[in-house]
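Here is a friendly tour for anyone opening this model for the first time. Have the sequence and the 3D view ready, and we'll go from one spot to the next.

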Amino acid sequence: MQSIAEALAAMLPAFSPLGEEDVPLTRSFGRYLAQDIIAALDSPPFDNSAMDGYAVRAVEVANADSASPVRLGVRGESRAGGPLPSALERGAACRIFTGAPMPAGADAVVIQEDTVRTGDEVTIFEASPVGKHVRARGSDVRAGAALLRSGDRIWHGELGLLASQNIARVPVYKQPRVALLSTGDELRELGAKLEPGSIVNSNLYVLTEMLRELGVVPVPLPAAPDSLPEIESALRKALEADVVITMGGVSVGEYDFVHEAFANLGIEPSFWKVRIKPGKPLAFAQYRGKPVIGVPGNPISAMVIFEVLVAPSLRAMLGDPRPHPQPVSARLREDYRRRPGRIEIARAVATREGDELVVALTSLQGSGSLPSFVGVNALVILPADRAELHAGDWVEALLWGPGLRSERSCFETLD
Ligand code: AMP
Ligand code: MG
């Protein structure tokens, strides 16, 4: 049986990125850059004012203060998006607004609050050294400079930066198409009539969203019954995708046909079973280099194994150079006794208490049922060798789903 680390080490090499494509910026959110991006433009693209006020020559207002204000004639105006201002005459100021281009010759802005305007003249009560309240061309980004790196994920800041550079198409790694194939005679589609003995194929809907959230393209397939030929023919269809995930039928029961179907189709097993609870009967195989993952059908096992092993693998395939989740430290709220032997991934609700994170396990009774996943925002990693854990013990946890939430604004105490 593999450790989690061994399983990941065996899986990751099979999940290299699929190659790159250019997509419109408006379709690039959440994707991973496949190339370094070099700045095309200076940003800001022109010297402009950071404030509403008057553009001046710094030297002409160098001695201004409330006792000896400086008086300048107002010549012209510069507003954002308006006509370009003409060069500033000596002994004059130009009315200017935030974001507006600086007139040639001006090298500082005096803010409106430090002036009094009377007709064509402005009285200035404050000196403004060279560059004051001026956003200089290229001060944020110089054309030709490295802007973003291959492997960076396009998130809000990256998207805004690319847009500000007028970059309308971006090179990103291709999104893998991931087939989801449930197996089981008992499974029915959502909304179907449930005759005795049948259940809804709920994993299909959960894993579809888990895939979507990661940024891959889910390809949900109709469930296959527990019959070898039908699983084989469904698998042939599934193999048209870039990655195949089967659900259920990978245990040791008489009706668990997935291993046999893999063998008959030439899908070569790499490992089966991982020292993890829940999720032990995970199978990993490859068909001509294409990853095929058999996850157990138990809904809790499927979700946990997805988060721990499938998600990092798929992130690597999406082009993420750091595909592994980063745990945070938290304290246990209650005692927990367990059978040692395997790392256990326990569902929990994490809240902040003072400076610490506290996790309350929702799976204390070892329940494998779906209600124990409701409201879960952390998966707690319980070490393999610990039989007894106590309230207050430090544990590692992966933040999950909606993350930390609060009914109160933190600003009530940070005022
Ligand atoms: P299996 O891994 O096929 O032995 O299934 C283990 C348990 O999970 C059984 O109780 C199945 O009925 C249930 N199960 C299997 N596949 C699914 C699925 N796609 N959605 C919901 N439950 C499932
Ligand atoms: Mg089954």
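## An aromatic cluster

Let's begin with phenylalanine 271, which is buried at a relative accessible area of 6% (buried means under 20%, exposed over 50% and partly exposed in between, with a 1.4 Å probe and protein chains only). Before going on, a word on the ground rules: this is a predicted model, where local features need pLDDT of at least 70 and side-chain atom pairs count only at pLDDT 80 or more, while totals for chains, interfaces and linings use all residues. Residues are numbered from 1 along each chain as its sequence is written, chains are lettered from A and ligands numbered from 1 in the order in which they are written, and side-chain values use heavy atoms, with hydrogens and water left out.

How many aromatic pairs does the structure hold? There are 4 aromatic pairs (rings of Phe, Tyr and Trp, the last by its six-membered ring, pair if their centres lie within 6.5 Å; planes under 30 degrees apart are stacked, over 60 edge-to-face and the rest tilted). One of them joins phenylalanine 15 and phenylalanine 284, stacked at 6.1 Å centre to centre with 25° between the planes. This pair links distant parts of the chain, 269 residues apart: phenylalanine 15 sits in the loop between α1 (4-11) and β1 (20-24), and phenylalanine 284 in strand β20 (residues 283-287). (Helices, H or I with at least four residues, and strands, E with at least two, are DSSP runs numbered from the N terminus.) Phenylalanine 15 counts as buried at 1% relative accessibility, and phenylalanine 284 is buried with a relative accessible area of 1%.

Phenylalanine 284 also pairs with phenylalanine 271, in a tilted arrangement with 5.9 Å between centres and 40° between planes. Phenylalanine 271 lies in strand β18 (residues 268-272) and phenylalanine 284 in strand β20, so this pair ties together parts 13 residues apart in sequence. Put together, Phe15, Phe271 and Phe284 make one aromatic cluster.

## Charges over rings

Which residue lies over the face of tyrosine 54? That is arginine 95, at 5.0 Å from the ring centre (a charge sits over a ring if NZ of Lys or CZ of Arg is within 6 Å of the ring centre and within 35 degrees of the ring normal). Lysine 273 lies over the face of tryptophan 272, at 4.6 Å from the ring centre.

## Strands that pair with β9

Now find strand β9 (residues 121-124), which runs antiparallel to strand β5 (residues 70-78) and is joined to β5 by 4 bridges (two strands pair if DSSP finds at least two bridges between them). Here leucine 72 stands opposite valine 122 in β9.

Strand β8 (residues 115-118) is also antiparallel to β9, again with 4 bridges, and valine 116 stands opposite threonine 123. β8 and β9 form a hairpin with 2 residues between them, and glycine 119 in the turn has a positive phi of about 55°.

The largest pocket holds about 580 Å³ of space. (On a 1 Å grid over the protein atoms alone, a pocket is an open set of points where a 1.4 Å probe fits, with protein on both sides within 12 Å along at least five of seven lines; lining residues have an atom within 4 Å of a point. Points are joined across faces, edges and corners, and a volume is the space filled by probe spheres set on them.) Of its 17 lining residues, Arg153, Glu213, Leu214, Glu307 and Arg315 are the closest to the centre. α3 (202-214), α6 (299-318) and β28 (394-399) each supply at least two lining residues, with the largest share, 4 residues, from α6. By class, this lining has 10 nonpolar, 3 polar and 4 charged residues (Ala, Val, Leu, Ile, Met, Phe, Trp, Tyr, Cys and Pro are nonpolar, Asp, Glu, Lys and Arg charged, and the others, Gly among them, polar).

The second largest pocket has a volume of about 240 Å³. Its lining has 19 residues, with Thr183, Glu186, Leu187, Gly248 and Gly297 nearest the centre, and divides into 6 nonpolar, 10 polar and 3 charged.

The peptide bond from serine 43 to proline 44 is cis, with omega near -10°; proline 44 is in the loop between β2 (37-38) and β3 (48-49). Another cis bond joins lysine 277 and proline 278, with omega about -5°.

Histidine 133 has a positive phi of about 60° although it is not a glycine, and is partly exposed at 25%. Arginine 288, with phi near 50°, counts as exposed at 76% relative accessibility.
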